[in-house]
Amino acid sequence: MNLNIHAKNIEAGPKLRDYVERKLGRLDRYLPHIAEVRIDLSQEKRREGEQAIAQLTVRTERGIFLRAEDKQQSDIFAAVDMVVDKMYRQISHYKGKRRRRTGERFDLLEPELAAAEMLPIDDSDSDSDDEDQAVVRRKHLTVTPMNEQEAIDQLELLGHTFFVFYNADTRSINVLYKRERGDYGLLEPSLG
């Protein structure tokens with residue numbers, strides 16, 4: 001498991017690094033075949049005071065991504081604790097979904113997941129929806145070539161949080177989305 005710790009506006013000293021490594025070092029006991037774990041830690045000044053932000057991304061060898069984020073704490077150590085707890089729930093949700101989909105053959109089809117340790121959280125209410133989720137609405141759209149600025153204008157005119165368009169500059173389908181901070185993000189998919 002490759003662990004990457006990235007810090008912004010905060011000193012990631014040995015105490016913090018040791019704490020993060022100890023907390024995240026246990027993840028592979030609950031989810032086997034983790035290829036990479038990345039945690040982004042930052043501290044922001046707000047009117048209300050300091051705000052610690054922890055974003056955790058886990059990538060498995062199968063290419064599955066799990067992500068958790070916490071922005072509610074003022075202490076970075078508490079933010080790490082909260083984001084790890086959220087990741088435990090994500091792992092529990094993922095394992096529960098795999099168990100439901102494979103049914104009685106779970107131990108045979110997913111031996112690594114079946115052999116993994118039980119998570120140290122109470123997840124009794126996290127998998128309350130035993131039914132598989134299905135697509136309940138399908139929408140077809142025609143995309144016209146435009147540049148990124150035209151796509152931003154369309155997104156704003158429509159009042160949506162995202163907009164799918166054909167990027168004339170890159171000659172590919174892109175997704176423009178509005179971020180929490182009010183700026184924009186652009187998804188540029190490619191086959192992996």
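**Notebook: contacts, helices and rings**

I began with contacts in this predicted model. Of the contacts in the protein chain with a separation of 6 or more, 44% are between residues 24 or more positions apart.

Next I looked up burial. The protein chain has 192 residues, and buried residues make up 32% of them.

*Entry: helices and strands*

I listed the secondary structure and found six helices and eight strands in the protein chain. I then read the elements along the sequence and noted the pattern β-α-α-β-β-β-α-α-α-β-α-β-β-β.

*Entry: α1 against α3*

Two packed helices are described by the angle between their axes and the distance between the axes. I looked up both values for helix α1 (residues 14-24) and α3. Their axes come within 11 Å and cross at roughly 15°. Angles under 35 degrees count as roughly parallel, and α1 and α3 are therefore roughly parallel to each other. I noted the crossing of α1 and α3 as right-handed.

Which residues in α1 and α3 meet? On the α1 side I wrote down K15, L16, Y19, V20, K23 and L24. On the α3 side they meet I76, F77, V80, D81, V84 and Y88. I sorted the residues of this contact of α1 with α3 by type: nine are nonpolar, three are charged and none is polar.

*Entry: aromatic pairs*

I searched for rings whose centres lie within 6.5 Å. By this rule I have three aromatic pairs. I looked at two of the pairs, Y30 with Y88 and F163 with F165.

Y30 and Y88 form an edge-to-face pair, with 5.3 Å centre to centre and 80° between the planes. Where do Y30 and Y88 lie? Y30 is in helix α2 (residues 27-30) and Y88 is in helix α3 (residues 76-102), so the pair ties together parts that are 58 residues apart in sequence. Y88 had already come up in my list for the contact of α3 with α1. I checked burial as well: both Y30 and Y88 are buried.

F163 and F165 form a stacked pair, with 6.3 Å centre to centre and 15° between the planes. Are these residues buried or exposed? Buried means under 20% relative accessible area. F163 has 13% relative accessibility, so I counted F163 as buried. F165 has 1% relative accessibility, so F165 also counts as buried.

Key. Residues numbered from 1 in each chain as written. Predicted model: local features only at pLDDT ≥ 70, side-chain atom pairs only at ≥ 80, totals over all residues. Heavy atoms only, no water. Phe/Tyr/Trp six-rings, centres within 6.5 Å; stacked < 30°, edge-to-face > 60°. Helix = DSSP H or I, 4+ residues; strand = E, 2+ residues; numbered from the N terminus. Buried < 20%, exposed > 50% of the residue type's maximum accessible area, 1.4 Å probe, protein only. Axes fitted to C-alpha atoms, helices over the stretch in contact; angles between N-to-C directions. Parallel < 35°, antiparallel > 145°, perpendicular 65-115°, else oblique. Left-handed = near helix turned anticlockwise from the far one by under 90°. Contact = heavy atoms within 4.5 Å. Nonpolar A, V, L, I, M, F, W, Y, C, P; charged D, E, K, R; others polar.
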